Amino acid sequence: MSVDLAIIGAGPAGMAAAVEAADLGLSVAVIDENPAPGGQVFRGVEAASADRALGADYAAGLPLVRAFRAARIDYRPGTTLWHLEPEAGLLSLLAGGRTAELAAGRILLATGAQERPVPIPGWTLPGVMTAGAAQILLKTVGAVPRGRTVLAGQGPLLWLLAAQLQRAGAPPALILETTPKGRLGAALRAGGLVAGLPLLAKGLALLAETRRIPRRPAVAGLRAEGEGRVARVTWEGGATGCDTLLLHEGVVPATHIPLALGLDHAWDAAQRCWRPRVDAFGAASHPRVAVAGDGAGIGGWQAAVAAGRLAACDAARRLGRLTEEGFARRTAPLLAARRAALALRPFLDALHAPPGWVLAPPEDATLVCRCEEVTAGQVRAAARLGATGPNQVKAYCRAGMGPCQGRICGATVAALIAEARGTTPEAVGTLRPRAPYKPLTVAELAGG
């Protein structure tokens, strides 16, 4: 089977791109690992849009999901992309235990973001989760943590989750803010407040809504402790008991597939992460591939919707379905909408840049590669012995060789190497993943 445009991911960018492309007359297939459209931001919105705990911004995704359902799109939920040959436009897929292939004239990666890992001592204890994982449980099954919950970290999602848990009748007992002192001044100098005032107002409203939740500012040196499961969290100068500890230090682009394809990437100095190098319409360094949404740089769902539509217009132009005049007319308001949605990013990036102890755990005993149980000390030792980058560290201590293929540990390993060798994560580089992008069995491969 062949389509004009294959889209990987059915979050805001993927759905918006699919609707736009279908409206422009392209044949479209959307590959989605989830059972229903929405991505992380609008996960489960068709079933839970009326849940007041999740808020108006969550319910705002319902019209987009409905438009996506109504469009002439080959939607494939529960399907994993495990290999991609961009030269031939050939996608290898896995669904229901069987493999299949799909050919596409153009490919859009709309795989979104992932939470930045927070490798602290004890982060593998039962009861320690990411804020995003807790939000998934809230959106999909309405589950909230029992007992005393502590949120630790920084970023918009942390405050959104605090408000959602409070509305659901399970407010956190304490919020530990890890934003270092002095960051507000740097953020104000970065600018964006005036143009980003509408988004700033939403953030201030969340802070006001959660004002009764106790909080500790400028926390560092987090540790999760307990026998068999988390029982307390400690930090420099304090400690408290907890039944659940939710960690969050922002989100970063999900670069696993773009890196595996060898696409050009740029270092984001503000948020200290890599992102694919794309033009104003999402086109990547390979002529057949585009990247849109948070996978190309963190911007939020409104920016992702605009980016998805822009990428669809570019696909239509490249495939001869949209004239240059029509392209310019259709993309002008989308470019303006994305600029407005991104206006506050300089402020947010400066305010919530991850502190150094998050990027490179100071204690050697801290586990950084959960799959292979490799510690920070082992990575530092490998770097001192001569490993110059994450790919070389694999040969020394197997960090990044587990089922996640470095999605969780890759950035931390690079930061530790940079620290040990007196250089920068940008100079150290990244892991180079290989297909299959997600694990599959020989039986599944043969079943195709």
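Colleague: Leaving aside its neighbours within four places in sequence, which residues is Ile-73 in contact with?

Modeller: In this predicted model, where local features need pLDDT of at least 70 and side-chain atom pairs count only at pLDDT 80 or more, Ile-73 is in contact (heavy atoms within 4.5 Å) with Ala-18, Val-19, Ala-22, Val-28, Val-30 and Phe-68. Residues are numbered from 1 along each chain as its sequence is written.

Colleague: What makes the set around Ile-73 a nonpolar core?

Modeller: A nonpolar core is a set of buried Ala, Val, Leu, Ile, Met, Phe, Trp, Tyr and Cys residues joined through side-chain atoms within 4.5 Å, where buried means under 20% relative accessible area with a 1.4 Å probe and protein chains only. The largest such core has 43 residues, and Ile-73 is listed with Ile-7, Val-28, Val-30 and Leu-108 as having the most contacts inside it. Helix H10 (301-318) is among the elements that give two or more residues to this core, and its share of nine residues is the largest.

Colleague: Why are strands E12 (223-225) and E14 (238-241) said to stand at the edges of their sheet?

Modeller: Three strands form an open sheet in the order E12-E13-E14, with antiparallel pairing. Strands E12 and E14 each have a single partner strand, so one side of each is left without a neighbour in the sheet.

Methods: Heavy atoms only, no water. Buried < 20%, exposed > 50% of the residue type's maximum accessible area, 1.4 Å probe, protein only. Helix = DSSP H or I, 4+ residues; strand = E, 2+ residues; numbered from the N terminus. Pairing = 2+ DSSP bridges.
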